[in-house]
Amino acid sequence: MAEATAPAAGAKTTGPRHLQGIVTRDKSPKTRRVEVQRLVRHPKYGKYVKQRTICYAHDESNESHLGDTVEIVESRPLSKLKRWTLVRVVTKAPSRTLSNLEGAVAGSDVVAATQEKK
């Protein structure tokens, strides 16, 4: 008789992958481009090399922004490129204040004048 055995303590179970990365583009509504970096050992030399993967993730509530560290999970295909869904924002990026640069071109005299007044 065969008995049903539980999987070993260290055995992996199947399921969706969870990754952590940085939002590199947030211009489209509900779509975020997330860059995931990983270290891979070179087969011949043994040195660890940085590699990156670009994942397009669905952000239903538009809560993540450029530079945020987010956690994404694998999902069904949502569009041509989107195969990931945003789970949570791990850390927020430092806020960029552009209020003093509105309407000004970088390097112009207007920017210098507004900074001198303050």
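Modeller: A residue is called buried when its relative accessible area is under 20%, exposed when it is over 50%, and partly exposed in between (1.4 Å probe, protein chains only). In this structure, E71 is buried, at 17%. This is a predicted model, in which local features need pLDDT of at least 70 and side-chain atom pairs count only at pLDDT 80 or more, whereas totals for chains, interfaces and linings use all residues. Residues are numbered from 1 along each chain as its sequence is written, and side-chain values use heavy atoms, leaving out hydrogens and water.

Biologist: What is the mean pLDDT of the protein?

Modeller: The pLDDT is the predictor's confidence in each residue, from 0 to 100. Here the mean is 82, and 71% of the residues reach 70 or more. Confidence is highest in strand β3 (residues 48-58), at a mean of 97, and lowest in helix α1 (residues 109-117), at 52. Over residues 98-108 the pLDDT falls below 50, and this stretch has six contacts in the model beyond near neighbours in sequence. The names of these elements come from DSSP runs, numbered from the N terminus: helices (H or I) have at least four residues and strands (E) at least two.

Biologist: Which way do the strands β1 and β4 run, and how many bridges join them?

Modeller: Two strands pair if DSSP finds at least two bridges between them. Strand β1 (residues 18-25) and β4 run antiparallel and are joined by five bridges. Within this pairing, L19 has I72 of β4 as its bridge partner. Strand β4 also runs antiparallel to β5, with six bridges between the two. There, V70 has V89 of β5 as its partner.

Biologist: Which residues make up the largest nonpolar core?

Modeller: A nonpolar core is a set of buried Ala, Val, Leu, Ile, Met, Phe, Trp, Tyr and Cys residues joined through side-chain atoms within 4.5 Å. The largest one here has ten residues: V23, V34, V36, C55, A57, V70, I72, W84, L86 and V89. Two or more residues come from each of β2, β3, β4 and β5. Strand β5 gives the most, with three residues.

Biologist: With which residues is W84 in contact?

Modeller: Contact means heavy atoms within 4.5 Å. Leaving aside neighbours within four places in sequence, the contacts of W84 include C55, A57 and I72, as well as L19 and L78.

Biologist: Where is L78 found?

Modeller: L78 lies in the loop between β4 (69-74) and β5 (82-91). At 34% relative accessibility, L78 counts as partly exposed. Not counting residues up to four places away in sequence, L78 touches H58, W84 and T85. The C-alpha atoms of L78 and Y56 are 9.9 Å apart, although 22 residues separate this pair along the chain.

Biologist: How many salt bridges does a search of the whole structure find?

Modeller: A salt bridge is a side-chain nitrogen of Lys or Arg within 4 Å of a carboxyl oxygen of Asp or Glu. The search finds six. One of them joins E60 to K30, with the closest N and O atoms 3.1 Å apart. E60 lies in the loop between β3 and β4 and K30 in the loop between β1 and β2, so this pair ties together parts that are 30 residues apart in sequence.

Biologist: Which distant parts of the chain are linked by R52 and E35?

Modeller: The side chains of R52 and E35 meet in a salt bridge at 3.1 Å, N to O. R52 belongs to strand β3 and E35 to strand β2, 17 residues apart. R52 is exposed, at 55% relative accessibility, whereas E35 is buried, at 18%. Another salt bridge joins R88 and E71, at 2.8 Å, N to O. This pair links strand β5, where R88 lies, with strand β4, which holds E71, across 17 residues. R88 is partly exposed, at 41%, and E71, as already stated, is buried.

Biologist: What is the phi of K30?

Modeller: K30 has a positive phi of about 65 degrees, although K30 is not a glycine. With a relative accessible area of 32%, K30 is partly exposed. N62 also has a positive phi, near 55 degrees, and is likewise a residue other than glycine. N62 is found in the loop between β3 and β4 and counts as partly exposed, at 32% relative accessibility.
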